[in-house]
Amino acid sequence: MDMGRESRWEKDAMTVEIAFALVTAAVLAGVIFAAAWALALVLDLSGSTGRGMLVGGALLGAVAGVWRLVWVLLRFDEQRRMGH
């Protein structure tokens, strides 16, 4: 077997880590958006204020989701390079 290639186990580990990163990023984004939506409902915001709260929640959720995705994948790559 060529030493420069990943083993099947390493490929499977990468696939699992990518799936974990995607799922946790989506959950985090969803929770943040749901919190903004709930806050808009609780405060009885309507019109442009309510829409602004939802857009802000969506943007914050998207940013947090991307941050989570990148952080998990970078952490995995760092551990993989160290041989863990």
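Student: In which helix does glycine 50 lie?

Tutor: In this predicted model, glycine 50 lies in helix α2.

Student: Why is glycine 50 called buried?

Tutor: The relative accessible area of glycine 50 is 8%. A residue counts as buried under 20%, so glycine 50, at 8%, is called buried.

Student: How far apart in space are glycine 50 and alanine 40?

Tutor: Their C-alpha atoms are 5.8 Å apart, while in sequence the two residues are ten positions apart.

Student: How many helices and strands are there in the chain?

Tutor: The chain has two helices and zero strands. Helix α1 covers residues 8–42, and helix α2 covers residues 47–82.

Student: What makes the chain more spread out than a compact globule?

Tutor: The radius of gyration is 19 Å, whereas the globule rule gives 12 Å for 84 residues. The value is well over the rule, and therefore the chain is described as more spread out than a compact globule. The C-alpha trace spans about 65 × 15 × 15 Å along its principal axes. Of the 84 residues, 17% count as buried.

Student: What share of the contacts with a separation of 6 or more comes from residues 24 or more positions apart?

Tutor: Such residues account for 77% of those contacts in the chain.

Student: Where does arginine 80 lie, and why is arginine 80 called partly exposed?

Tutor: Arginine 80 belongs to helix α2. Its relative accessible area is 36%. Buried means under 20% and exposed means over 50%; 36% falls in between, so arginine 80 is partly exposed.

Student: Is glutamate 17 buried or exposed, and which residues does it touch?

Tutor: Glutamate 17, a residue of helix α1, has a relative accessibility of 15%. That is under the 20% limit, and therefore glutamate 17 counts as buried. Leaving aside residues up to four places away in sequence, glutamate 17 touches Val72, Leu73, Arg75 and Phe76.

Student: Why is aspartate 44 called exposed?

Tutor: Aspartate 44 has a relative accessible area of 65%. Exposed means over 50%, so aspartate 44 is called exposed. Aspartate 44 sits in the loop between α1 and α2. Its phi is positive, about 55°, although the residue is not a glycine.

Student: How many aromatic pairs does the structure hold?

Tutor: The structure holds one aromatic pair. Tryptophan 67 and tryptophan 71 form this pair.

Student: What makes tryptophan 67 and tryptophan 71 a pair, and why is the pair called stacked?

Tutor: The ring centres are 6.0 Å apart, and rings pair if their centres lie within 6.5 Å. The planes are 15° apart; planes under 30 degrees apart count as stacked, so the pair is called stacked. The two residues are four positions apart in helix α2, which means that about one helical turn separates them.

Student: How do you know that tryptophan 67 is exposed and tryptophan 71 partly exposed?

Tutor: Tryptophan 67 has a relative accessible area of 51%, over the 50% limit, so tryptophan 67 is exposed. Tryptophan 71 has 38%, between the 20% and 50% limits, so tryptophan 71 is partly exposed.

Key: Residues are numbered from 1 along each chain as its sequence is written. This is a predicted model: local features need pLDDT of at least 70, side-chain atom pairs count only at pLDDT 80 or more; totals for chains, interfaces and linings use all residues. Side-chain values use heavy atoms; hydrogens and water are left out. Rings of Phe, Tyr and Trp (its six-membered ring) pair if their centres lie within 6.5 Å; planes under 30 degrees apart count as stacked, over 60 as edge-to-face and the rest as tilted. Buried means under 20% relative accessible area, exposed over 50%, partly exposed in between (1.4 Å probe, protein chains only). The radius of gyration is taken over C-alpha atoms; the globule rule is 2.2 Å times the number of residues to the power 0.38. Contact means heavy atoms within 4.5 Å.
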